[in-house]
Amino acid sequence: MSDYLDRIGAGLILVDAAPLSYDWIPPSIVGREDEQKELATMFASIGTPGMSCRAVITGNVGSGKTVLSRTFADDLTRHLSSVRSIQSVHVNCRNHPTTSQVLQRIATSLDDRHPERGFSASEVLQGIRRNVRTRNQHMLLILDEVDHLLRKDGADLLYQLLRIDEGRDESGTISLIIISQEEVLDQLEGAIISRFGLSNHLALKPYNAKQLTVIASQRAALCANPRAFSEEVLTLIGEAASDSGDARVAIELVEDSIRRAEMDGLDIVEQRHVQDDEVRRAKRGERFEPSIVDELNDHEKMILLAICRRLRRDPEVTSGDVSKLYQVVCEEYSVKPRGNTTFWKHLKSLENRGLIDSKTGTASVGRGRTQHITMPQALPGQLEERLEKAL
Ligand SMILES: Nc1ncnc2c1ncn2[C@@H]1O[C@H](COP(=O)(O)OP(=O)(O)OP(=O)(O)O)[C@@H](O)[C@H]1O
Ligand SMILES: [Mg+2]
């Protein structure tokens with residue numbers, strides 16, 4: 001009965017949009033085998049009761065710090081399940097930059113009934129310790145983007161975490177991984193540096209073209225139809241992303257190229273669909289000349305007008321809504337709206353000119369998907385006036 005809904009963005013290439021979303025964690029990581037071994041060496045004694053381990057991970061944006069530490073924690077927990085019960089806790093200090101917020105996150109992840117207020121930092125800390133010990137567990141605590149905590153509240157909490165068992169007849173309550181984009185080691189107190197140990201510093205290099213190709217291949221295999229990407233196209237993506245060394249760029253290029261190919265009505269991605277990362281950046285950074293409006297054909301103008309009207313009140317608009325609003329604009333100017341294929345072609349041309357930006361939504365209906373359209377380079381109100389005059 002609702003067969004007609006199959007038409008909603010029927011994905012020629014995209015099978016599952018979830019692996020392309022921002023915080024999706026892949027089942028395994030690829031291209032970081034040496035670093036994984038290095039980290040495992042730093043944690044060699046974590047299987048032994050009473051022992052604690054620690055590591056500092058640093059690296060550029062998108063070098064895989066978060067995903068490396070999270071998959072490590074998961075793998076470790078599974079690997080040691082018969083030997084030692086590991087409870088891993090990941091706290092992003094950018095979202096929780098104070099000592100009390102970090103402690104609150106840890107406490108609630110162990111016990112979701114933990115009260116919001118009424119305890120001092122050291123009381124919460126001792127509560128956490130008791131909780132872990134009573135359950136006969138070992139906590140692997142990951143403090144991600146720890147520089148935010150250090151800047152806000154200094155290193156006190158790290159120091160307390162490192163000495164959590166001091167003065168008691170116990171040891172090995174917590175293992176700790178701290179992560180930062182910057183060289184946090186320099187900002188830390190001497191006492192903490194010696195506690196972490198310089199040999200426990202894992203510095204991730206930016207990814208090279210080959211690693212980025214492998215990362216792109218993994219994502220492509222998880223989100224696209226199996227014959228959509230050739231080895232050549234994936235190599236091209238790896239190379240295009242290698243200036244930044246950022247895995248996120250490679251993943252974005254996979255997403256981008258799928259969208260471009262689908263807009264061409266194809267079920268495979270061709271080399272020309274992979275846009276050079278520099279071009280993408282330039283496009284994002286530059287503001288376009290309003291006179292570009294005069295170069296558009298009437299239907300492009302009307303589609304853009306439809307987009308502007310909605311973006312004057314909402315931050316983004318879906319492709320489905322644009323299509324409906326475009327029909328309304330056509331009615332207003334007494335012209336017959338173009339068919340779906342031409343509509344998509346025009347939408348793509350607006351994007352190629354840098355007038356709009358679009359992202360694939362993760363919440364899709366059936367096999368299809370929705371584009372979320374924004375206009376980062378222009379004020380919709382101004383553009384709307386100009387378009388109305390031109391039309
Ligand atoms: N080796 C890898 N294998 C598979 N996916 C990866 C790999 N490295 C990074 N990714 C993916 O790339 C994206 C960025 O990685 P991640 O978030 O771990 O970077 P980061 O170093 O923590 O960046 P930031 O400094 O911004 O926090 C994520 O989607 C992640 O899943
Ligand atoms: Mg991160």
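**Entry 1: helices α13 and α14**

I began with α13 (residues 298-311) and α14 (residues 319-332), which pack at about 115° with their axes 8 Å apart. This is a predicted model, where local features need pLDDT of at least 70, side-chain atom pairs count only at pLDDT 80 or more, and totals for chains, interfaces and linings use all residues. Residues are numbered from 1 along each chain as its sequence is written, while chains are lettered from A and ligands numbered from 1 in the order in which they are written.

My notes on terms: helices (H or I, at least four residues) and strands (E, at least two) are DSSP runs, numbered from the N terminus. Axes are lines fitted to C-alpha atoms, for helices over the stretch in contact, and angles run from 0 to 180 degrees between N-to-C directions.

The angle makes α13 and α14 roughly perpendicular (65 to 115 degrees; under 35 is roughly parallel, over 145 roughly antiparallel, the rest oblique).

On the α13 side I found M302, I303, L305, A306, I307, R309 and R310 in the contact, and on the α14 side D321, V322, L325, Y326, V329 and C330 (C-beta atoms, placed from the backbone, within 7 Å). These divide into 10 nonpolar, no polar and three charged residues (Ala, Val, Leu, Ile, Met, Phe, Trp, Tyr, Cys and Pro are nonpolar, Asp, Glu, Lys and Arg charged, the others, Gly among them, polar).

**Entry 2: α10 and its two partners**

Next I looked up α10 (residues 231-241) against α11 (residues 247-263): the angle is about 135° and the axes are 9 Å apart. The pair is therefore oblique, and the crossing is right-handed. I237, G238, A240 and A241 of α10 meet V249, A250, L253 and V254 of α11. I counted seven nonpolar residues, one polar and no charged there.

Then I turned to α9 and α10, which pack at about 125° with axes 7 Å apart. That makes α9 oblique to α10, again with a right-handed crossing. Among the contact residues are A209, L212 and A216 of α9 and L234, I237 and G238 of α10. The classes here are seven nonpolar, four polar and two charged.

**Entry 3: around ligand 1**

Which residues come nearest to ligand 1? Of the 19 around it (C-beta atom, placed from the backbone, within 6 Å), they are G64, K65, T66, V67 and A247. The shell has eight nonpolar, eight polar and three charged residues. I saw that α2 (65-79), α9 (209-223) and α11 each supply at least two of its residues. Domain 1 (13-21 + 207-284) and domain 2 (43-204) each give at least three, with bounds from an automatic or database domain assignment.

Terms used:
A crossing is left-handed if the near helix is turned anticlockwise from the far one by less than a right angle, and right-handed if clockwise. Two residues are in contact if their C-beta atoms, placed from the backbone, lie within 7 Å.
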